[in-house]
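The sequence and the structure come first.

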Amino acid sequence: LTNAEDSAVITLTDSNFDALTAEGSWILDFYAPWCGHCKRLEPEYEKAAKEMKGSVSFGKVDCTKWTGLRSRFGVKGYPTLKFMRDGELRDYRGGRTQKDLVNYAKALSGEPVLPVTREMVDAITSRHAVSFVYVGTSKDEEEYANFERVAKRHQGVYFFGVANGEVGEQLLSEFGQKTDDNDASPCILYLTRGDTAQRFFQFDLEALEGFVKDHKFGLVTEINADTFGAVAENGLPVLLAVLSKQSDTASKELEAKIYAPAKALKGTFLTAKIDGDRYKRFLTRYGLSQKHFPCFIVVDFENERYWAVPSGKRLDTIADIEAWMNDVAEGKQPYTPLVPWYNP
């Protein structure tokens, strides 16, 4: 990558890496000068760095020189992008254009916990498969500090909010989680569209992290670059609703039908949805193309196989969907072997 004096990208080395990245938000590019993909990324990365200058820092590590950093961060291919905030590292899961880099940087560098009002809840649960809302009387408590720390670790994947005072009490009451009026203990309200809300009271970091990981899947999970790995490794077959903006009305109708079967067969299947327009290349592995969208498919990643809806069979009702899924679970539907999976 270019080392021009006016570059907004900061060169990181074995000697300055820890000191420079200890605070603030960073996107890090681990590269090799001979790498063609790295060279193609360079102008997009530079433009994103200039756009985000003063807000998010963009750094680069020449792994042919600084092999200690390459080994330390497990870099095995080039370019490898990572995100770091206040010294805590996570894999970068965004795209590689200027717009993708900027959007990712903004999403992960903003406030990890957002104020919640009652008017926002429907929009939040519609947009986010999983939401965690801190309900308490003070943001100065140790409980909130731990909640915020966990939120930073998972920012951009799940929604984290805070509802204080009357708003918090209103939410607990509305979602059937209101307890004794004298109970002023802070709690976390877990929300997912189409399923029952839950209340959680443990605030040590290990318990909080465990709760978030145990509830990482909503009733219907959206598959994207952040969630794909976890979905593929969840251990259950996945009922996948493939949606498309090009068939928007039909896609909305199909999506509306999946919540009841998802709840009825929870524990037997994981239910997810995917943007067919964005991930059409990935979906060709299942014999699907734009002409098939929207549609259903069941994928068993663990055993590398999938079930397509048989030609001529219609899944017009919730009962039709549940019947087909039960047939899949009972081995009454033929499957197709799956080629090794590709992360979108």
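Proline 294 sits in the loop that runs between helix H12 (280–283) and strand S14 (295–300). The model is predicted, and in it phenylalanine 293 and proline 294 are joined by a cis peptide bond with omega about -5°. Another cis bond leads from tyrosine 78 to proline 79, with omega near -10°. Proline 79 belongs to the loop between helix H3 (67–72) and strand S4 (80–85). As background, most peptide bonds are trans, and most residues other than glycine have a negative phi.

Aspartate 86, not a glycine, has a positive phi of about 50°, and its place is the loop between S4 and strand S5 (88–91). Glutamate 304, likewise not a glycine, has a positive phi of about 50°; this residue is in the loop between S14 and strand S15 (305–308). The table lists both residues with their accessibility.

| Residue | Phi | Loop | Relative accessible area |
|---|---|---|---|
| Aspartate 86 | about 50° | between S4 and S5 | 40% |
| Glutamate 304 | about 50° | between S14 and S15 | 39% |

Strand S14 itself contains valine 299. Is valine 299 buried or exposed? Valine 299 has a relative accessible area of 1% and is therefore buried, the cut-off being under 20%. Once neighbours within four places in sequence are left aside, valine 299 is in contact with Pro237, Val238, Tyr286, Arg305, Tyr306 and Leu338. Between valine 299 and leucine 270 the C-alpha to C-alpha distance is 9.8 Å, with 29 residues separating them in sequence.

The next topic is a helix pair. Two packed helices are described by the angle between their axes and the distance between the axes. For helix H6 (residues 142–153) and helix H8 (residues 205–214), the axes come within 10 Å and cross at roughly 45°. On the H6 side the contact is made by Asn146, Phe147, Arg149, Val150 and Arg153, which meet Leu205, Leu208, Glu209 and Val212 of H8. By class, the residues of this contact are 5 nonpolar, 1 polar and 3 charged.

What remains is the chain as a whole. The protein chain has 13 helices and 16 strands. Its C-alpha trace spans about 65 × 60 × 35 Å along the principal axes. How does the radius of gyration of the protein chain agree with that of a compact globule? For 344 residues a compact globule would have a value near 20 Å, and the 22 Å of the protein chain agrees with this. Of the 344 residues, 45% are buried. Contacts between residues at least 6 apart in sequence include 72% that join residues at least 24 apart.

Methods
Residues numbered from 1 in each chain as written. Predicted model: local features only at pLDDT ≥ 70, side-chain atom pairs only at ≥ 80, totals over all residues. Heavy atoms only, no water. Axes fitted to C-alpha atoms, helices over the stretch in contact; angles between N-to-C directions. Helix = DSSP H or I, 4+ residues; strand = E, 2+ residues; numbered from the N terminus. Contact = heavy atoms within 4.5 Å. Nonpolar A, V, L, I, M, F, W, Y, C, P; charged D, E, K, R; others polar. Rg over C-alpha atoms; globule rule 2.2 N^0.38 Å. Buried < 20%, exposed > 50% of the residue type's maximum accessible area, 1.4 Å probe, protein only.
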